[in-house]
Amino acid sequence: MEIVFLETISLGDDINLDRFDELGHVTKYRDTPVELVPERVKDADVVVINKIPMNEKTLAGASHLKLVAVTATGMDNIDRAYTDSHGILSANVAGYSTEAVAQHTFALMFYVLHKLAYYDHYVKSGAYCTSAQFSHFEQKFSELDGKTWGIVGMGAIGKRVASHAQEFGCNVIYYSTSGKNTDQLYERVDFEELLKRSDLISVHAPLNPDTRKLFDREAFEKMKKSAIFINVARGAIVDQEALTWALQENKIAAAALDVLDGEPMREDNPLRQIQDSGKLIITPHIAWAPKETRERLLDGVYENIKKIL
């Protein structure tokens with residue numbers, strides 16, 4: 001069994017891949033430019049990838065290929081029509097990052113809700129050392145208790161966030177992007193009502209034609225000026241020009257993002273105009289990446305490969 005890892009860089013240098021040697025002969029590449037994929041996979045029985053496109057151009061010479069094992073949940077980069085027609089299986093790992101992404105959602109939220117950028121700078125600048133008062137709360141912030149938290153996409157991650165939000169005293173409402181989710185634990189509303197009622201909105205939906213640029217100028221215009229917007233799902237669900245405008249024009253209070261439309265971030269991304277960390281925090285797609293989560297992901301990939309043996 002020839003197993004080829006094409007981009008171990010996406011898993012981190014602190015993850016041990018030795019267990020895969022039990023399954024066959026393993027070749028590991030730290031990173032693989034698209035133009036080198038055909039040569040590196042031509043003798044592979046299993047290819048392990050994250051973001052590299054798997055299609056006719058990259059796989060045409062891979063006559064032995066049996067499985068594309070994806071180190072992720074999303075498989076947007078796989079041309080399923082091509083792989084299915086050539087008898088190539090594809091397998092993702094579902095549910096491995098639920099706890100991690102829910103945790104990061106709250107890390108982002110508290111950063112902007114509690115104005116932590118401002119207060120961190122206030123102390124480190126030395127201003128607190130010269131204060132006449134024991135406390136300084138120039139930048140006002142609020143309790144979560146009693147707030148309405150709107151969730152877009154009530155899947156496993158959305159439900160976990162909803163559960164945590166309720167523990168903090170929030171009233172949870174949600175919008176089903178597919179129209180099929182009728183979860184009875186929470187109040188289901190249409191998109192416009194969610195925008196108008198929510199004090200906080202977090203996005204946990206897949207990217208598809210219905211959700212692409214769902215959050216545009218019109219959507220941000222309907223939100224509360226005091227609202228916080230969080231996206232830990234897919235960057236293209238948000239029109240980045242529209243979000244930049246909404247923040248610059250104070251249409252919403254703040255935004256917190258872990259995903260962008262185009263990753264790594266492009267230099268011409270309009271959100272780079274927002275340098276106020278009190279209004280915007282962007283993390284580089286790390287919600288899924290605690291060490292325990294990556295270990296769990298590799299466990300799933302290992303089991304997926306074992307199944308084809």
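Predicted model: local features only at pLDDT ≥ 70, side-chain atom pairs only at ≥ 80, totals over all residues.
The protein contains ten helices and twelve strands. Its C-alpha trace spans about 70 × 50 × 35 Å along the principal axes. Of the 309 residues in the protein, 48% are buried. The protein exposes about 15,400 Å², and carbon and sulfur atoms supply 49% of that area. As for how the chain contacts itself, 61% of the contacts between residues at least 6 apart in sequence join residues that are at least 24 apart.

In soluble globular proteins, nonpolar side chains tend to be buried together. Here, the largest nonpolar core has 32 residues. Within this core, V152, F215, F220, M223, F229 and L243 have the most contacts. Two or more residues each come from the strands β7 (171–175), β9 (200–203) and β11 (254–257) and from the helices α7 (191–197), α8 (217–222) and α9 (240–248). The element that gives the most is α9, with five residues. V152 shows how such a position is surrounded: leaving aside residues up to four places away in sequence, V152 touches Y175, T177, L194, I201, S202, V203, H204, A205, L214 and F215. Another core, of 26 residues, lies apart from the largest one; I151, M154, I228 and I281 are among its members.

The next site is S90, which is placed in strand β5 (residues 89–91). Is S90 buried or exposed? S90 counts as buried because its relative accessibility is 18%, and the cut-off for buried is under 20%. The side chain of S90 makes a polar contact with the side chain of R80, at 3.3 Å. R80 is also one of the residues that S90 touches beyond four places away in sequence, together with L67, V68, M75 and I78.

V123, by contrast, counts as partly exposed because its relative accessibility is 45%, between the limits of 20% and 50%.

Methods:
Residues numbered from 1 in each chain as written. Heavy atoms only, no water. Helix = DSSP H or I, 4+ residues; strand = E, 2+ residues; numbered from the N terminus. Buried < 20%, exposed > 50% of the residue type's maximum accessible area, 1.4 Å probe, protein only. Polar contact = N/O pair within 3.5 Å; in protein donor to acceptor, adjacent residues only side chain to side chain. Contact = heavy atoms within 4.5 Å. Core = buried A, V, L, I, M, F, W, Y, C linked by side-chain atoms within 4.5 Å. Areas by Shrake-Rupley, 256 points an atom, 1.4 Å probe, with all protein chains shown as cover.
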